[in-house]
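Here is a short tour of a two-part model, written for someone who likes to know the cut-offs behind each term. Have the viewer open and follow along.

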Amino acid sequence: MNIQTSISHDQSLMRMSGRFDFNAHKVFRETYQQLLDNSAVKSLTLDLSQVEYLDSSALGMLLQPKEKADALNKVIRLQNCSQLAKDVLAIANFDKLFDIS
Amino acid sequence: MRILAVDDTRANLVLLQAMLKRAGHEVVTAENGEQSLEVFEIEAPDLVLMDVMMPGMDGFEAAQRLQQMASPRWVPIIFISAAATEEYYIKGHQSGGADYLFKPINQVILNTKIEAIKRIVDMQNTLANQNKVLQEYVEKDEEERRISRHIMEHMAESKGLDDPLIKYMLSPAEQFSGDVLCAARSPSNRLYLLIGDAVGHGLAAAINTIPISGTFYPMVYKGFELPTIGRELNRRIKETMPTGCFVACGIVMVDPMESYVEVWNAGLPTFYCIDSFGNVMDTFESSQLPLGVLSGSQYEVESQIVPYMPGNQIVVFSDGLIEAENSEQEFFGVERLLSCLNHPENRMDDIKHALEEFLGDEKPHDDVTLALIDMPFQDQISSYAIEARSEQATPQAGIEETDDIQWQTSFHMGAEEIKNLDLTPMLLSVITQFKGVESHNQKLFLILSELLNNALDHGLLELDSSLKTGPDAFETYLNARHERLAAMTQGYIVISARKIRLHDELILRLTIEDSGKGFDHKKVLENAGESVQMHGRGIKLVQQLCRGMKYSETGSSVTVDYTLDHLV
């Protein structure tokens, strides 16, 4: 998986592409940690538009930045979810946890 | 470095030794090929400087022998020769030499070559050390896996899955399964089946399933309700597992006696209820977050209740089944699964064959789990019913007063407690602590839960037992019950238990009294006789299990005597 990041004002963005599964674990964690640890950043948006595949480990990984963001009082949201991503998120009822668009 | 210098000419050897010592090396020597092998074995040098032309075993042969001795380690050997020919140079390398030096030896070139070799030796040593660490790691890992597998296999109780109502398949993608399937019967003979799918697969996922079976079995055996079990499972997983480790989970509860089925799906693919022709009668979509995401206080279990329809079957499975991929990157999918259900007797085999055929040589990339739960016709289930029906068919004795009390206790449960607690298992867990009571757990569970249900339904909630007959009776009744229970703000139930000695019997006397206006208990008993499908037969069963039973005139209080033991 590839992750591109950008920060504008207090908003940060992670644009992910490729397969989002357990192999993406390390790069995903390092990236969101760095963004959320930045004190200027108030929100983190995960853009899933280029994600070709995501499995249940990916869902598990999404919970980690969620927990960290909640603890730091920062906002986290998912955007541009593909239909596949939406389906996977819906089965797990993650729409109850995340702001998904 | 420790260097072995080999030369048959003593003067050359002395010269070489001096040069090496000057460069700070430790030197051992040999004066011919044979001797070089002995010294090599004893001194284990890092590098060998080998003269080529020696009487007996020449340098090339000695070099080859040394390499064989040291194998699989590679020994750096530098040949020294006066013959600076191409042929010698090639032969030197072919014999396993690392480099070639020509006489007379130049100190600077010698030092440079040794330095170059040292870098290779250092690299080789580092690699060897890493390899050793890695090898140890692999061995340790294998051993740990062996132990883990043993523990997991012995922890998973599979005997509950042998239930005649269940057919199942479990097929892990790796050595360990991240899917879990458990089944058990409650004291009132309800069947509970749990299916779980932990994030990922392999050992890490399998570990996530440990708290599940460890929580599920004891709670079912104690008779807790599905929502209570679900909440506790969520709490245990949330508390024990790191963030990101969650378990999609579902429970199907079949109660053939009370004629209903309760289904809960948190994060798994939709479950299906199908009739004997394979038509989909009901679907049970995932309505909630998987276990281990929300903390205990935030998690409410939302289950669905449907009537027990003999001949129907519930189909539950993990996503590994419908996402099994063939070589054309197609998923097995729900459509294919549902098309395998036309023959009720062969469904499991038909699904297995269809999956095998679909996959061809491919292997599923995730754990595949599937279970079918039967709803047999009534005449088939009578054999599973509590065997006590004929056992205590003694004529009903009256409730006789006595002062011979061995112990007694009572509980007052207010409206909030009645709403939020699973009263029967909770009270029973206290009562069964007393000596001689535990072995009657199953029958007492039935008695207590029936009496408590009557006190709640007819006493506090004032549900008319006539609601239980007629079309759609079941749903009407449950809906009314649900609404009134939610609205209840006052009222109480008092449960008293005492162990008494009466004539030659040890008796557990239970009195259940509610704050309701009372109800026509005679009618409840009559209805019980008529209805086969619906609620109410329970009270008849209580009568059969107990030595005596007496309702107060209004119906708001009932006392039963249960014989624990006969004194000889």
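Two strands are said to pair if DSSP finds at least two bridges between them. Helices (H or I, at least four residues) and strands (E, at least two) are themselves DSSP runs, numbered from the N terminus. With that in hand, B:Val180 stands opposite B:Gly196 in β8(B).

Before going further, a word on the source. This is a predicted model, in which local features need pLDDT of at least 70 and side-chain atom pairs count only at pLDDT 80 or more, while totals for chains, interfaces and linings use all residues. Residues are numbered from 1 along each chain as its sequence is written, and chains are lettered from A and ligands numbered from 1 in the order in which they are written.

**The two chains**

A residue counts as buried if 20 or more other C-beta atoms lie within 10 Å of its own, as exposed if 12 or fewer do, and as partly exposed in between, with C-beta atoms placed from the backbone. Two residues are in contact if their C-beta atoms, placed in that way, lie within 7 Å.

| Chain | Residues | Buried | Helices and strands |
|---|---|---|---|
| A | 101 residues | 34% | three helices, five strands |

Along its sequence, chain A reads β-β-α-β-α-β-α-β. In chain A, 68% of the contacts with a separation of 6 or more are between residues 24 or more positions apart. For chain B, 68% of the contacts between residues at least 6 apart in sequence join residues at least 24 apart.

Where the chains meet, 13 residues of chain A and 14 residues of chain B take part in the contact. The chain B side has eight nonpolar, six polar and no charged residues. In this scheme Ala, Val, Leu, Ile, Met, Phe, Trp, Tyr, Cys and Pro are nonpolar, Asp, Glu, Lys and Arg are charged, and the others, Gly among them, are polar.

**A parallel sheet in chain B**

In what order do the five strands of the open sheet in chain B lie? The order is β2-β1-β3-β4-β5, and the pairing is parallel. Strands β2 (26-30) and β5 (99-102) of chain B stand at the edges with a single partner strand each, so one side of each has no neighbour in the sheet. On average, neighbouring strands here are turned by 20 degrees against each other, direction ignored.

Inside the sheet, β3 (residues 47-51) and β4 (residues 77-81) of chain B run parallel and are joined by four bridges. B:Asp51 stands opposite B:Ile80 in β4(B). Helix α5 (residues 107-155) of chain B lies across β3, β4 and β5 of chain B, and runs at about 170 degrees to β5(B). Axes are lines fitted to C-alpha atoms, for helices over the stretch in contact, and angles run from 0 to 180 degrees between N-to-C directions.

**Around β8(B)**

Strand β8 (residues 191-198) of chain B has eight of its eight residues buried. B:Leu191, B:Leu193, B:Ile195 and B:Asp197 point one way from β8(B), whereas B:Tyr192, B:Leu194, B:Gly196 and B:Ala198 point the other way.

On one hand, seven bridges join β8(B) to the antiparallel strand β7 (residues 179-185) of chain B, where B:Asp179 has B:Asp197 as its bridge partner. Six of the seven residues of β7(B) are buried. The hairpin of β7(B) and β8(B) has five residues between the strands, and B:Asn189 takes a positive phi near 70 degrees there. On the other hand, eight bridges join β8(B) to β9 (residues 247-255) of chain B, again antiparallel, with B:Val247 as the bridge partner of B:Ala198.

**Nonpolar cores**

A nonpolar core is a set of buried Ala, Val, Leu, Ile, Met, Phe, Trp, Tyr and Cys residues joined through C-beta atoms within 7 Å. The largest has 91 residues, and those touching the most other members include B:Tyr192, B:Leu193, B:Leu194 and B:Ile251. Strand β9(B) gives the most to this core, with seven residues. A second, separate core of 35 residues includes B:Met413 and B:Ile493.

**A covered helix**

In α15(B), 17 of its 20 residues are buried. Just after α15(B), B:Glu462 takes a positive phi of about 50 degrees.
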